[in-house]
Amino acid sequence: LKFFSESASADRRIQGYMLEADFYLEHGRSNDYKNITNKALENDLKVQAEKLSFLARTANRRGANDPIIMQQAYILSKASTILQPNEYSIQGTFSEVCYTLKKKEEALKAAKIARHLADDLTSKIQNIAQKVIEKIELL
């Protein structure tokens, strides 16, 4: 890991954060996952909305039964929406994380933003975004 963490290249350090976070997530090491993603959020990933959203989406898929992982997914996805509020996939990820955590109001707000942003995309994406809204409304 030193190869990545001590690199002069921000891209290499980011790659290291992503690999390490994935390893901890895969092996159920939630506290290590939380620590490395917090470190990443404070450093090289603090302006990388897509990477933060990717980490949150992966955590939501693979760590949904772990409250530490899910709280971290919430923090990461929330941060990504602050950095890029007008990005469909980022709002969509935030709505899914909030849905998993049963945060209906936040999930619905993000899903509606995602649906609005989907207007510029294909009808297939628009339909997916609408179905997410309908799913959240059932909470």
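Residues are numbered from 1 along each chain as its sequence is written, and side-chain values use heavy atoms, with hydrogens and water left out. Because the model is predicted, local features need pLDDT of at least 70 and side-chain atom pairs count only at pLDDT 80 or more, while totals for chains, interfaces and linings use all residues.

A pair of aromatic rings is described by the distance of the centres and the angle of the planes. Rings of Phe, Tyr and Trp (its six-membered ring) are taken to pair if their centres lie within 6.5 Å, and the planes count as stacked when under 30 degrees apart, as edge-to-face when over 60, and as tilted for the rest. By this rule the count comes to 3 aromatic pairs. One of them joins phenylalanine 3 and phenylalanine 4 in an edge-to-face arrangement, with 5.2 Å from centre to centre and 80° between the planes. Phenylalanine 3 counts as exposed at 55% relative accessibility, whereas phenylalanine 4 is buried, with a relative accessible area of 18%; here buried means under 20% relative accessible area, exposed over 50%, and partly exposed in between, for a 1.4 Å probe and protein chains only.

Another pair, formed by tyrosine 74 and phenylalanine 94, is tilted, at 5.7 Å centre to centre and 40° between the planes. This pair links distant parts of the chain, since tyrosine 74 belongs to helix α5 (residues 67-83) and phenylalanine 94 to helix α6 (residues 88-100), 20 residues apart. Helices (H or I, at least four residues) and strands (E, at least two) are DSSP runs, numbered from the N terminus.

The charged end of lysine 135 sits over the ring of tyrosine 99, 4.5 Å from its centre. The criterion for such a placement is that NZ of Lys or CZ of Arg is within 6 Å of the ring centre and within 35 degrees of the ring normal.

Helix α5 also holds threonine 81, which counts as buried at 11% relative accessibility. Not counting residues up to four places away in sequence, threonine 81 touches Ile90, Gln91 and Phe94, where contact means heavy atoms within 4.5 Å.

In helix α4 lies asparagine 60, which is buried with a relative accessible area of 13%. With residues up to four places away in sequence left out, asparagine 60 touches Met70, Ala73, Glu96, Val97 and Thr100. Asparagine 60 and serine 7 are 53 residues apart in sequence and 29 Å apart in space, C-alpha to C-alpha.

Lysine 102, placed in the loop between α6 and α7, has a positive phi of about 60° although it is not a glycine. Lysine 102 is exposed, with a relative accessible area of 62%.
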